[in-house]
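Please consult the sequence and the model shown here while reading.

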Amino acid sequence: LSVARSTRSLRGGVHRRPAGLHGREDESRHGRTAPVARLPRGSSPTIHRVRSSTRGSAIVTHAAAEGVPEPKGVALSEDTWKTLRVSSFIFFWYFLNAVFAIINKRTLSVFPYPWLLSWVQIAVGAAFMLVMWRLRVFKPPSTVGFDAKSWKALWPTSCLHLVAHVTACASYSLGSVSFMQVVKAGEPACSVILLTLFFGRKYSKLVWLTLIPIVGGVAVGSTTELNFSMASFVCAMISNVASALRSVTSKDLQDATGLRGINLYG
């Protein structure tokens, strides 16, 4: 609303009326009233005031009055979130695995005892899990205890995990990191072949076709390696076989004890 200010003239001191009042007084003297804008039928002054405030608010009010739903943001489905989560886990696994390999190689260059280093790493991991369970950072397992039955169930998986880790560290010390990673890339092929031959697992033709580039890549990378080491190759293959067998026993251990995730490896 515009407010008219009354002023006095400097010479005569005449009081000037706000603009627009002369016409209203003249109309009232002659018995006429100023025309009043009529509101649309069925609308209140409050709604009309909101409509006339801005163009955008008028459009929104009209859309709401007509029952048109307001546009909402695009929400990702549960399957999409699950796919993104799994993809991020895979990425971080490869990233941390590469960092672990490089750190291992640098450590072995100044401390050339791979068997001792691997045992120390496993011991540190076990102590770390005990602290995490004690602090309740991770929920400690309630289905497994330190009794003979639990030790018997954990024994196969623990031994295979030990062999896979120790031979991997030995392979790092006997060859280059890139060569060891190339050989370790054949672990899926080892898993499929062993599970098919000895555990009666059946896989589709598509799974077997996906193994062709893996096996071919490992073969080409191994034969063209300048610093080829048979000892490093053998240790890496033993690690692959132990990892493949560990996946089988881990599945059985999960079904028997209910251990999942980080608690299983702890």
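A contact means heavy atoms within 4.5 Å. By this criterion, residues 24 or more positions apart account for 67% of the contacts in the chain with a separation of 6 or more. The model is predicted, with local features needing pLDDT of at least 70 and side-chain atom pairs counting only at pLDDT 80 or more, while totals for chains, interfaces and linings use all residues. Residues are numbered from 1 along each chain as its sequence is written, and side-chain values use heavy atoms, with hydrogens and water left out.

The chain has eleven helices and zero strands (DSSP runs numbered from the N terminus; helices are H or I with at least four residues, strands E with at least two). Of its 266 residues, 22% are buried (under 20% relative accessible area, with exposed over 50% and partly exposed in between, for a 1.4 Å probe and protein chains only).

The largest nonpolar core consists of seven residues: Ala101, Leu108, Leu117, Ala168, Tyr172, Val177 and Met180. Two or more of these residues come from each of α4 (78–110), α6 (148–174) and α7 (177–184). Such a core is a set of buried Ala, Val, Leu, Ile, Met, Phe, Trp, Tyr and Cys residues joined through side-chain atoms within 4.5 Å.

Helix α6 also contains Ser171, which counts as buried because its relative accessibility is 0%.

Helix α8 has twelve residues and spans 16 Å from its first C-alpha to its last, close to the expected 16 Å (1.5 Å times one less than the number of residues). Its buried residues are Ala189, Cys190, Ser191, Val192, Leu194 and Leu195, and their cover includes α9 and α10. Gly200, which follows α8, has a positive phi near 70°.

The second largest pocket holds about 160 Å³ of space. Helices α8 (187–198), α9 (205–223) and α10 (230–257) each give two or more residues to its lining. Among the lining residues are Ala189, Cys190, Val215, Phe233 and Asn240. By class, this lining has eight nonpolar, two polar and no charged residues.

A pocket is an open set of points on a 1 Å grid over the protein atoms alone, where a 1.4 Å probe fits, with protein on both sides within 12 Å along at least five of seven lines; lining residues have an atom within 4 Å of a point.

How values were computed: Grid points are joined across faces, edges and corners, and a volume is the space filled by probe spheres set on the points. Ala, Val, Leu, Ile, Met, Phe, Trp, Tyr, Cys and Pro count as nonpolar, Asp, Glu, Lys and Arg as charged, and the others, Gly among them, as polar.
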